Each structure stands twice: as structure tokens, then as C-alpha cells.
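Dear colleague,

Here is the structure I promised to hand over. My notes follow below it.

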Amino acid sequence: MKLLLLIGVFAAIQLDYFFIGSIAQQLHLYTGFLLIALLTIHKRHSQAILAAVLYGLMLDLIIIEVPFGVLTIAHILVFMIINSQANIALSVSRNLYIAVIFFSLLAYSAAIELIIFYSSNFLSASNFIFDSYAFFESIIISSLISTLFVVGMGIMASIFKSNLRKWFFVR
Amino acid sequence: MIKNKKILMLILAGIIILYYIAPTKGLINIIRSPIVLVGAVSSNMGSLVQTWWFGISHGSELVEKSKDQEKRIAQLQFYLSQTLFSQNSVEESSLGDFIPLEKIQAQVLAQSNVAGNKVLIINKGTKHGIYPGSAAATSQGVFIGKIISADASIASILPTTSPSSAIAATISGDLEFQAVVKGNGGLGLIMELIPQDAELTAGDIVTTSILEENTPRGLLIGTISSVNYTQGQLFQTAVLTPFLSLQNIQDIEIFLIK
């Protein structure tokens, strides 16, 4: 199970940081956050915290502009916040669930982008310029795309589940 | 459960502290290698998707564009030969001491976004002599950007088209002219602080200036597409078309700081 989690986090890093990063400049996908959030909401706490630590550590290893450790600590805090607010996600209806995902993604993307910006500028030697318009555009579009991604994955999973018997002749 | 969490936190704190106080860089590089190597494949796949999408949405424009590019390549080869000749002349003079000419080959492993900026991750780092501030260019003399951070075995480049990039530039063949080229949100380049009386025309070649630290002069940046001047302003601005598309960059050269 832990190996599966490691593979999942590794795939999330590849998708979030490298694959989407090479497609567009201000577009992000937050599958790592979605993985941590889903594990936390479904009460798999030990796996969720491990996913948060691994995802943060991998980001710390590859985003060399940010001092080592910052993103790991940030993702542990993310896990703690989701854990304390998990009941909200469990108590809402299906439509509101999507809204909860969107707004949590919005909050996460804003926080993580600001952490990367300020830690690379003030704790490291980088000199990035903050463009507020681009920042808001980026977090809204990225959160929307990540929400669509999770909804799409949900639909695909339900189609797969309902057609499993037909496709694989399972009795 | 709580005990496990505490143990995990202690291990984590230990790793972070060890990273700063003990020579664990070698171990970190071993852990990083598979992530970056698979990342290079993911990044290439992303580039392919983007190229494929661009082909579908801009197919008809591409034929016309390739004809223009052929003309521009011919023009560039002419300018490049002139620039290299002029650079050699400067190297022979006393100014040559200030130009970092030693360079090493590197490869772009992947591209990513950091704080709203596209960055290129390369396979060389501080153990190869690369430090923040070093300039990067293609072997054809096209300026890519500058190193913003470097670790033992990898480094990241901020390309000229990134919004946080600002480079001292000049017009090819005009030593008097000085301006600043900035990234235009990843879409192109904008040249600012152009004196009012400067006479620029579309098609002029913009190159790196001798004022840009740790960067050889004469590296190609882009061509001027349009010049804008608002009455009463102290400076003109110009929109540039970069020579470089970041999608296809692989082999590059890094100029080492003396």
C-alpha cells in the first residue's frame, strides 16, 4: 500500500510540475493536493500525512529556488488544515462537494504560490516579480482545471465501475 | 497513530536539519535523479502535447510562418557572422578581460513553472562551475536567459520571456544604444527605456549589451516588430519577436563566471 502511495505521489509530481509545467507558463494542476485531501477526507490519516510529507519533500528536491524544507512543512500544514475541516466536505451535498473542492484548491494554490514567491525571494537569492493580475488569473484557471480534472476522473471511474462486468466479462 | 506521526515528524525534522548542517548533498542528488530523469520524459510529453495542439489550432499559419522563418534565418546568419567578427575584435582589445568566454555544454532536462515564471532545469550545477548569474545561450549564439539558482548537479534558468526577466540590450552594430528587454508574460519580449531620439525600425536585431553582467555582448535576443511612443513620454518602447521558442531547446551553452 505504501509503495502504491509512493507511486501515486511520484506520478502527481510528474503531472503537476513537469507535464503541465511544460505546456503553459501560468497553468498548474494540483493532483498532489487532491490526493492528500481525498485520503484525509476518507479517514486514511496515516497515508494522507505520508503523502503530504512525500509530496512536499519531492517538491523541495526539485524546486531549488525555494529553501529545502519549506514546501515539506507547508504540506504538513496543508494536511493539518484539511484534517481539521474534513467534516465540512463530508456533510455537504454532491453539487456543493464540487464547490468545496474548487474553493479548497483556490485557497491551496494561492497559499502555495505565495509561499514559493516569498521564500524564493526573501530566503533565497531569486528575484521574481509579483504580478497580481497574473497571480489571480493563474490561481483561478488552475483551480478550475484541477476541479474539472477531479470531476473527469470521478466520471471515468464511475463509467469504468459500471462497465467492468461488460468489458472484462466478470461474473 | 499519534506515536507514528511523532516519529515521522522527528525523522522529517532530522532530514531537514541534516540537509543544512551535514554534507548530505550527494544523498539528495541520488534521491533527486529519478524524479528529474522521469520529469524530463514528462516534460517532453507536455511539449509534444503543446506542439500537437498548436499544429491543430494554427495549421494554416504555419506554412506562411515557415517561409518567413527561412528568410529570417538567412538574415540572422549574416548578422551572426558580423557579430562574431565584432566580438572577436573586442576580445582582442582590453575589454576582453571582462567578458566571460569560458563555456560548458549543458542539456535542458525539463521545463516548469515557479512563481508564475517558466524555468528551464538543466543537468549541470555548482560542481561544474555554474552559479546564479551565469548566462545561457544556444550554440548558434541565441541568448536564452540567466541562471537563477544552482544546486550541486542541477540548475535553473529564467528565460528572457519570463515576466521577471530583465536584460540590458542593444541594437546590433550600434554601440551607443542601450535599453532593457523584459519578458512579456511568457508571450514575447518588450524593450523599454529606449531614448526618445533613437531611430528604430521593424526588423532591427536586438542583442545583449556589454552592460549585462556575466554575459558576452552580441548574443541574439530578438527582432523589433513594432515601436511605440506616446507623446510626452521620456522613453519609447518596442515589441520584440524572440529568436527562440522554448519548446525545442535541448543542447545549450553556459558562460562561466570568472
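In which strand of chain B is the place of Ile190(B)? Ile190(B) belongs to strand 8, residues 189-195; a strand here is a DSSP run of E of at least two residues, a helix is a run of H or I of at least four, and both are numbered from the N terminus.

Before the rest, some notes on the source. This is a predicted model, in which local features need pLDDT of at least 70 and side-chain atom pairs count only at pLDDT 80 or more, while totals for chains, interfaces and linings use all residues. Residues are numbered from 1 along each chain as its sequence is written, chains are lettered from A and ligands numbered from 1 in the order in which they are written, and side-chain values use heavy atoms, with hydrogens and water left out.

Ile190(B) has a relative accessible area of 24%, so it is partly exposed (buried is under 20%, exposed over 50%, partly exposed in between, with a 1.4 Å probe and protein chains only). Beyond its neighbours within four places in sequence, Ile190(B) is in contact with residues including Val180(B) and Ala238(B) (contact means heavy atoms within 4.5 Å).

Over all chains there are nine aromatic pairs. Rings of Phe, Tyr and Trp (its six-membered ring) pair if their centres lie within 6.5 Å; planes under 30 degrees apart count as stacked, over 60 as edge-to-face and the rest as tilted. Tyr17(A) and Phe18(A) are edge-to-face, because their ring centres are 4.9 Å apart and their planes at 90°. Phe18(A) is buried, at 0% relative accessibility.

Regards
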